[in-house]
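These are my notes from a first look through the structure.

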Amino acid sequence: MKQKFRLNWIDLLIVLLVAGLVAGTYLKFRGGNSTTASREPQTTITYQVRLTEVRQLTVDAIRVGDTLYDDETDRSVGVIKEIQVEPAKTLLSDPEGELHWADTEDRYDIYITVEAEGTVKDNTYTVNRIYDLSINSFRLFYTKYSIWQGRIWDIL
């Protein structure tokens, strides 16, 4: 004798769950170009990163042409185009109590100019669709030869 199949609410829940998983998988792998960030035109963004009071070893390890990476995401955030090195300054007081700027021995400030492909929308600069550039934000960066904390100094 043949039994009739009756659809109960548990069977319906399982069917809806499987349909949701299939739809989610499709949107993730096939519908990826529908985000607004991917429709924004890619443009070249130039920005500066400032490193303060670093040693000569760090100065020598940073090279023009190196790819710069963000330590948090391990993704490229541009290519180093220019490096400017200045002696680091320290604020010192003299015996009369006046303040003067003086060079710090064996320490340097570095200004690194970086070029990256990204989007600009409503004064928001985004590199690699996930990395927002914010002036005065501290980030941990690295290149092939060194790792250091820098501050986004300017967006040119």
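I am working with a predicted model, in which local features need pLDDT of at least 70 and side-chain atom pairs count only at pLDDT 80 or more, while totals for chains, interfaces and linings use all residues. Residues are numbered from 1 along each chain as its sequence is written, and side-chain values use heavy atoms, with hydrogens and water left out.

**Entry 1: strands**

I looked up the partners of β4, counting two strands as paired if DSSP finds at least two bridges between them. Strand β4 (residues 99-121) pairs with strand β1 (residues 43-54) in the antiparallel sense, over ten bridges. There I found Q48 opposite T113 of β4. Strand β3 (residues 76-93) is also antiparallel to β4, with 13 bridges, and I83 faces I112 across that pairing. Five residues separate β3 and β4 in their hairpin, where G97 has a positive phi near 90°.

I then followed β4 to strand β5 (residues 124-127), an antiparallel pairing of four bridges. T119 is opposite T126 in β5. This hairpin has two residues between its strands, and D122 in the turn takes a positive phi of about 55°.

**Entry 2: rings**

I took rings of Phe, Tyr and Trp (its six-membered ring) as a pair if their centres lie within 6.5 Å; planes under 30 degrees apart count as stacked, over 60 as edge-to-face and the rest as tilted. I got three aromatic pairs by this rule. Y69 and Y142 are stacked, because their ring centres are 5.2 Å apart and their planes at 20°. Y69 belongs to strand β2 (residues 67-70) and Y142 to strand β7 (residues 138-142), 73 residues apart.

Y111 and W153 are edge-to-face, because their planes stand at 65°, with the ring centres 6.1 Å apart. Y111 is in β4 and W153 in strand β8 (residues 147-155), so this pair ties together parts 42 residues apart in sequence.

For burial I used relative accessible area: buried is under 20%, exposed over 50%, partly exposed in between (1.4 Å probe, protein chains only). Y111 is buried at 12%, W153 is partly exposed at 31%, and Y69 is partly exposed at 27%.

I also checked for charges over rings (NZ of Lys or CZ of Arg within 6 Å of the ring centre and within 35 degrees of the ring normal). R50 lies over the face of W153, 4.6 Å from the ring centre. R63 lies over the face of Y145, at 4.3 Å from the ring centre.

**Entry 3: S146**

Is S146 buried or exposed? S146 sits in the loop between β7 and β8, and its relative accessibility of 12% makes it buried. Beyond its neighbours within four places in sequence, I found S146 in contact (heavy atoms within 4.5 Å) with A61, I62 and F141.

**Entry 4: core**

I looked for nonpolar cores, meaning sets of buried Ala, Val, Leu, Ile, Met, Phe, Trp, Tyr and Cys residues joined through side-chain atoms within 4.5 Å. The largest has 21 residues, and those with the most contacts inside it include I112, F141 and W148. β1, β3, β4, β6 (131-133) and β8 each supply at least two residues of this core. β1 gives the most, with five residues. Not counting residues up to four places away in sequence, I112 touches several residues, among them Y47, V49, L51 and W148.
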